[in-house]
Amino acid sequence: MTGMLATPPQTRRSEEISSDDKPSDVAANGSAPMLPPPELDDWLEALDDLYDRHGVEAVRLILTQLHNRANSKGASVVPSSVTPYVNTIAKENEAPFPGDRALERKVRSLVRWNAMAMVVQAARSGSGVGGHISTFASSACLVETAQNHFFHARTADHTGDMVYFQGHASPGMYARAFLEGRLTEENLTRFRRELPRGQGLSSYPHPWLMPDFWQFPTVSMGLGPICSLYHARFLRYMEHRGLIDTSKSRVWAFLGDGEIDEPESLGAITLGAREQLDNVTWVVNCNLQRLDGPVRGNGKIIQELEGIFRGAGWNVIKVIWGADWDPILENDSTGMLVQRMGEVVDGQFQKYVVETGEYIRNDFFGKNPELLKLVEHLTDDQLKSLRRGGHDVTKVYAAYKAATEFKGAPTVVLAHTIKGYGIDTAEGRNTTHQKKNVEEEALIRFRTRFELPLSDDEARNAKFYRPDDDAPEMQYLKKHRETLGGSIPARVPTTERWTIPSVDEFMGGAGGVGKEWSTTKALSENMRFLMKNKSFGKQVLTIIPDEAQTFGMASLFSQFGIYSSKGQLYSPVDASEIASYKESKTGQILMEGINEAGAMASFVAAGTSYANLGVPICPFYIYYSMFGFQRVGDLIWLAADSRCKGFLCGGTSGRTTLNGEGLQHEDGHSQLMASTVPNLIAYDPAFAYEVAVIIRDGLRRMYGEGEDVFYYLSVYNENYDQPAMPKGDGVLDGIVKGLYPLDPSIPAATRATRPQLIGSGPILNYAITAQKILAEKYNVTVDVWSATSYNELKRDAQAAERWNRLHPTETPRKSYLDTVLQGLKGPVISVSDNVQLVAEQIRPYVPTQYVVLGTDGFGRSESRKNLRRHFEIDAECIAYTTLVALSRQGQFDVAKLPAALKDLGIDPEKIDPAMA
């Protein structure tokens, strides 16, 4: 029971209990009478007395003891997961509201008006950009109460609150920033008109587009919730490891009730209770509507969510009814009103929003004469105006106050609101989400309702309005934000820069020369080398979703420890071994379990720490490559938008290199998917020295120079001898730019007429073997290149081509490919463990015949040898393809190709792997 009550529940006498929870006079089996009401009253009075004399903790203790005693007697009790459909916090237990309600209403009204005016003006501009009004209209009180009393900005002695704003409510944040003087009218008129860059306001929270304003992208619904939880856990990680004191920070996430249906929204909520994340508060805006209609027309979403969150160990605070309902509920001596509140489904509550007070009186209260009597003193207009709890600042404040003071578990506030609140032509209607314009007369009525000093013409034109700085409401707004440290949202990246070790230091620590390593092993050694760095090593974070032994990284456990907020309360089964499973409160590694989405959320929290906490953290997230872009591609896009930094590492890459696992595990397309993310730098290294050079250059760009990029590395589990880095000019540059010859000493003129073989990853070794086959069997000399990144080659060439197109009279720029492939006349054959489209990216920029081999088609379980023959990327297939390419240039006799097929053991009638 501990951790389940925010405040004492609203107690009622036995005769006040609704029929849903009132005990019957007969037991369920009909055999024995239950307690008579007077005796039941005695028990309830005893509980009341316990609370009055000893408080909440005593009530929790006795209820837990009684529950245990009942179980010991065989009287098992399954407690209800939901409470009656009333506010969790009774009126008498509400924290006093500390603000000026009248001034706060003025501030809210100003924010509401300017948010709506912004969308209306955008809709009327003829630009077709649209916007959303109704979400913020329903959540204005929820957000503004937090802005005035709870959200703390980052200051010298406070790491700041992390606020995940509801994406569709972004106009409200812009409207407040306008009142605070952070944005101008010109900015507001350019809502959703973002070109030229830096002049407009992004449609939703996008740090990539507004890097000084937004912190967290949230409009891909479901991602904000999961990211907020792992961010809260990351704050604890930072504190426990002594990197920065985050104990004052709170994570807030404002969500929609429709958003909760996204699997990511609820998929990680047990983390909150398991880690006792009382530093996180979710606020679910329960306006009962999603984009097209009711969230639960035939049910009750607030009750459903209460059961889910309570079952997951969260503290739940329901804010359903405004203060207008308090006296009515106080007079509900029979419990009939609470019963009626509990039985009406959400679809009908939505109906009440669009109907008259007379309809509400007849349909809601008219079911029982006693209910009608409760409201006989109210007019129909008064009935119509009874507020939902999410629109009552005192109820919202009391909920937030209780949430921020609760210890031992996260809190969710379930606030009942009305979508489109205040816009009478939009309130509660199924079409309200798409409402982008407001009729002129409706604007006048809105102006009047919220008492804004605008003329009819100004209202019709949706004129922006900002009072003078010395107006009481403006002084009030300014004072409260100053008290709380400044404006939110605000993104303030650190200027801290790291001194990156030299290439020689990397090679000495993780070069792997002469060792039989996989590139995954090389990655592991690079991480170990960096984590031991005396300058920034503690700021290097390894994230693994339960595959460390697969990746050969288990030895990191004992050396650096696995983070656990509880330390290690057991003796691991491998305690006596060198590479034991060591958990620690100061552990450096995040072991996320079989949970790629959670691990990716941790990656984002760490990779944006430089901006959100002012402390740069370099995360290395290594995972089964097939379960990266394919499974969490949306989170990777979010990371890009967030200006995240760090290294995503697709372990066990390759459609043929990861043999034995089969179709669902063998990845050959992550490099292609990586090419779609603009600020993601993707590499496919073959050798340990390439891994080291790429990681070093990534650290230089991200943490040495502050560039807002992040990296993807394909690493493989095939062991082979690791050579030394070739000597020669341009090798380091070539590794970083994406292509270099394995023998740089060969003059370009010598290369010009002979075939060039380009390999990536482990398949580069097969290109080297093909080079020998061609020389020994066919007297054909070829050169071999390593392609570390087709993506970077394409981007560079594309940029040069664009510049030349737009500057026709100036000296043309040469891309890197133009430079290194200049003068080639012989065929170029590319081969990798990826689908062909990865290498096809550079086709327009290759000046000669270009042939691409790859692993198009489903993977399957087999030996590497057989898989590579199946996909036609082994040495023999590479050699044969080279002969075919030469024959097309008249340099090899076509008539000899059938014999070459036979000589190389290639079956020309084998199945096409692309559809096998």
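I shall speak about confidence in the model and then about its salt bridges.

This is a predicted model, in which local features need pLDDT of at least 70, side-chain atom pairs count only at pLDDT 80 or more, and totals for chains, interfaces and linings use all residues. Residues are numbered from 1 along each chain as its sequence is written, and side-chain values use heavy atoms, with hydrogens and water left out.

Let me start with confidence. The mean pLDDT, the predictor's confidence in each residue on a scale from 0 to 100, is 93 for the protein, and 96% of its residues reach 70 or more. Over residues 1–32, however, pLDDT stays under 50. For that stretch the model has 69 contacts beyond four places in sequence, a contact being heavy atoms within 4.5 Å. Where pLDDT is low, the predicted coordinates should not be read in detail.

I turn now to the charged side chains. How many salt bridges does the structure hold? There are 46, where a salt bridge is a side-chain nitrogen of Lys or Arg within 4 Å of a carboxyl oxygen of Asp or Glu.

Consider Arg 868 and Glu 718, whose closest N and O atoms are 2.7 Å apart in a salt bridge. This pair links distant parts of the chain, 150 residues apart: Arg 868 lies in helix H35 (residues 864–870), and Glu 718 in the loop between strand S14 (710–714) and strand S15 (720–721). Helices (H or I, at least four residues) and strands (E, at least two) are DSSP runs, numbered from the N terminus. Are these two residues buried or exposed? Arg 868 is buried at 0% relative accessibility, and Glu 718 is buried at 13%. The terms are as follows: buried means under 20% relative accessible area, exposed over 50%, and partly exposed in between, with a 1.4 Å probe and protein chains only.

A second pair is Arg 449 with Glu 427, a salt bridge of 3.3 Å between the closest N and O atoms. Here Arg 449 sits in helix H18 (residues 440–449), while Glu 427, 22 residues apart from it, is in the loop between strand S5 (411–416) and H18. Arg 449 is partly exposed at 35%, whereas Glu 427 is buried at 12%.

Arg 700 and Asp 697 form a salt bridge at 2.8 Å, N to O. They are separated by about one helical turn because they stand three residues apart in helix H28 (residues 688–704). Arg 700 is partly exposed at 27%, and Asp 697 is buried at 10%.

Finally, a network of salt bridges links Glu 144, Arg 176, Glu 180 and Arg 182.
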